[in-house]
Amino acid sequence: VHLVWMIPSQNAAYGWNDIFKKLPLLAIPLVVLTSRPLARRQLTMMLFAFVGTVFVATIIGRIRLATIPDLPYRQIIPFISHIRFAMHVCLAIVVIVWFCVERTKRRGRLFSDWLLWVLLAVTVALVDFLFKLRSYTAFVMLFVVSVVLLAVFWRRIANRWLAFVLTTAV
């Protein structure tokens, strides 16, 4: 597509520079497709590293918000767009919910583990940070994802009381 766009280009030097910058991105699918799949533990650790990174970035954002007077909400998180970071926060929330559901299925009890309480506190902190970012797009995304996931997994919820609570919450 980029090569086709180069045909009527007025600024060929910039176009070739852009193509050469994006050329290494073609290697990513080759690396992913030719490598061995990750073990479940490795995937879990990578996802928790992502969640931890997002949480640390929200702490940095809270510190910036508390120390810099009249900081615009678009500059709370440096080096990334506030909308993109809000999508990262949404993904982190979905990862936490996924982990809690998986752990509850293995252990059998909801919130009987201290780790689940810590993850609940992190989730509340992430949602609170979305309010500080004023990212209503992220709340719409969380709502859409929760409705879709609830519709897909409705039959798999064994506890009818939990299914009722989730339905009324969404």
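Author: A pocket is an open set of grid points with protein on both sides within 12 Å along at least five of seven lines, and its lining residues have an atom within 4 Å of a point. The model examined here is predicted.

The second largest pocket holds about 230 Å³ of space. Its lining consists of Arg-40, Arg-41, Thr-44, Met-45, Phe-48, Ala-49, Trp-98, Phe-99, Glu-102, Arg-103 and Arg-106. The greatest contribution is that of α4, with six residues. By class, the lining has five nonpolar residues, five charged residues and one polar residue.

The axes of α4 and α5 lie 9 Å apart, at an angle of about 135°. Angles over 145 degrees would count as roughly antiparallel, and α4 is therefore oblique to α5. The crossing of this pair is left-handed. On the side of α4, the contact involves Arg-40, Thr-44, Leu-47, Phe-48, Phe-50, Val-51, Val-54, Ala-57 and Thr-58; these meet Phe-85, His-88, Val-89, Leu-91, Ala-92, Val-95, Ile-96, Trp-98, Phe-99 and Glu-102 in α5. The residues of this contact comprise 14 nonpolar, three polar and two charged. Arg-40, Thr-44, Phe-48, Trp-98, Phe-99 and Glu-102 are among those that both line the pocket and take part in the contact of α4 with α5.

From α5 the description can be carried to another neighbour. Helix α6 (residues 114-133) has an axis that comes within 10 Å of that of α5, and the two cross at roughly 160°. That angle makes α5 roughly antiparallel to α6. In passing α6, α5 forms a left-handed crossing. From α5, the contact draws on residues including Phe-85, Ala-86, Val-89, Ile-96, Phe-99 and Arg-103, while α6 supplies, among others, Leu-115, Leu-119, Val-122, Leu-126, Phe-129 and Leu-133. This contact of α5 with α6 has 18 nonpolar residues, three polar and one charged. Phe-99 and Arg-103 belong to the pocket lining as well as to the contact with α6.

A further partner of α5 is helix α7 (residues 136-153), whose axis comes within 9 Å of that of α5 and crosses at roughly 30°. The two helices are therefore roughly parallel to each other. Here α5 passes α7 in a right-handed crossing. Ala-86, Met-87, Cys-90, Ile-93 and Val-94 of α5 face Thr-137, Ala-138, Met-141, Leu-142 and Val-145 of α7 in this contact. Nine of these residues are nonpolar, one is polar and none is charged.

How values were computed:
Residues numbered from 1 in each chain as written. Predicted model: local features only at pLDDT ≥ 70, side-chain atom pairs only at ≥ 80, totals over all residues. Heavy atoms only, no water. 1 Å grid on protein atoms, 1.4 Å probe; cavity = no way out; pocket = protein on both sides within 12 Å on 5 of 7 lines; lining within 4 Å. Points joined across faces, edges and corners; volume = space filled by probe spheres on them. Helix = DSSP H or I, 4+ residues; strand = E, 2+ residues; numbered from the N terminus. Nonpolar A, V, L, I, M, F, W, Y, C, P; charged D, E, K, R; others polar. Axes fitted to C-alpha atoms, helices over the stretch in contact; angles between N-to-C directions. Parallel < 35°, antiparallel > 145°, perpendicular 65-115°, else oblique. Left-handed = near helix turned anticlockwise from the far one by under 90°. Contact = heavy atoms within 4.5 Å.
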